[in-house]
Amino acid sequence: MKNKRPDSTEEEVVAPAAEQAGNTVEKNNMAELEAKVAALTEQLDEARNKYLYLFSDFENFKRNVAKERLELHQTAGRDIVTALLPVLDDFDRAAKNDSLSEGMALIHQKIAHTLQNKGLTALDAKAGDEFNPDTQEAVAEIPAASEELKGKIVDILEQGYQLGDRIIRFAKVVVGR
């Protein structure tokens, strides 16, 4: 038999040793958990900062696009008005010189040329052509003078125009029935 203290039992000796070993394992687990929590907290902060940076960048982008769009609309209007100012000058000159018919012809030619340079083209419609509802708007129907004119254009009230590939005004026509 081993030497035992008379007042201690075997359980009293083993319990503190097990408790001390358990505390060491618990402390190691706590240290590992704290390290993992710290790493995850750091990753979360990093992700939050990236999110805030991207959000801020996107807001700036939206603001800049809106500002550029507004400037584009203002510039487009300014370009057409600037291009039409010589036409206004010609109206003034024609009114002063009393040569109205020559002045009107000159003004018509200038404005047509200016608008063509901006991409405006007239839709092709002539009296006697078939009515085309894709490019023309029938504003009236009149009895046809002959069988040939039924369903055909009798008169053009307003010329139709397209800007680029988009129709901006349909031709207003009178159709024979």
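Of the 177 residues of the chain, 10% count as buried, a class defined by a relative accessible area under 20%, with exposed meaning over 50% and partly exposed lying in between (1.4 Å probe, protein chains only). The structure is a predicted model, in which local features need pLDDT of at least 70 and side-chain atom pairs count only at pLDDT 80 or more, while totals for chains, interfaces and linings use all residues. Residues are numbered from 1 along each chain as its sequence is written, and side-chain values use heavy atoms, with hydrogens and water left out.

The predictor's confidence in each residue is expressed as pLDDT, on a scale from 0 to 100. Its mean over the chain is 82, and 83% of the residues reach 70 or more. Among the elements of the chain, the lowest mean pLDDT, 81, belongs to helix H2 (residues 100-117), and the highest, 94, to E2. Where pLDDT is low, the predicted coordinates should not be read in detail.

Along the sequence they follow the pattern α-α-β-β-β-β-β-β. Contact is taken as heavy atoms within 4.5 Å. Among contacts between residues at least 6 apart in sequence, 59% join residues at least 24 apart.

In the helical part, tyrosine 51 and phenylalanine 55 both lie in helix H1 (residues 10-97), four residues apart, or about one turn of the helix. Rings of Phe, Tyr and Trp (its six-membered ring) are paired if their centres lie within 6.5 Å, and planes under 30 degrees apart count as stacked, over 60 as edge-to-face and the rest as tilted. The count by this rule is two aromatic pairs. In the pair formed by tyrosine 51 and phenylalanine 55, the ring centres are 6.1 Å apart and the planes stand at 25°, so the pair is stacked. Tyrosine 51 is exposed, at a relative accessible area of 52%, and phenylalanine 55 is partly exposed at 43%. Threonine 114, located in helix H2, is buried, with a relative accessible area of 14%. Apart from neighbours within four places in sequence, threonine 114 contacts Ala83 and Leu84.

The strands were examined for pairing, which requires at least two DSSP bridges between two strands. Strands of a sheet pair through backbone hydrogen bonds, either parallel or antiparallel. E2 and E6 run parallel and are joined by six bridges; alanine 138 has valine 173 in E6 as its bridge partner. E3 and E6 pair in the antiparallel sense over four bridges, with aspartate 155 opposite valine 174 in E6.

A further open sheet of three strands has the order E1-E4-E5, with antiparallel pairing. Strands E1 (120-122) and E5 (166-169) stand at the edges with a single partner strand each, so one side of each is left without a neighbour in the sheet. The twist in this sheet averages 35° from one strand to the next. E1 pairs with strand E4 (residues 161-163) in the antiparallel sense over three bridges, and alanine 122 stands opposite tyrosine 161 in E4.

A nonpolar core is defined as a set of buried Ala, Val, Leu, Ile, Met, Phe, Trp, Tyr and Cys residues joined through side-chain atoms within 4.5 Å. The largest such core consists of five residues, Ala125, Ile153, Ala171, Val173 and Val175. Strand E6 (residues 171-176) contributes the largest share, three residues. E6 is mostly covered, with five of its six residues buried. Alanine 125, a member of this core, is in contact with Gln136, Ile153, Ile156 and Gln159 when neighbours within four places in sequence are left aside.

Definitions and conventions: Helix = DSSP H or I, 4+ residues; strand = E, 2+ residues; numbered from the N terminus. Axes fitted to C-alpha atoms, helices over the stretch in contact; angles between N-to-C directions.
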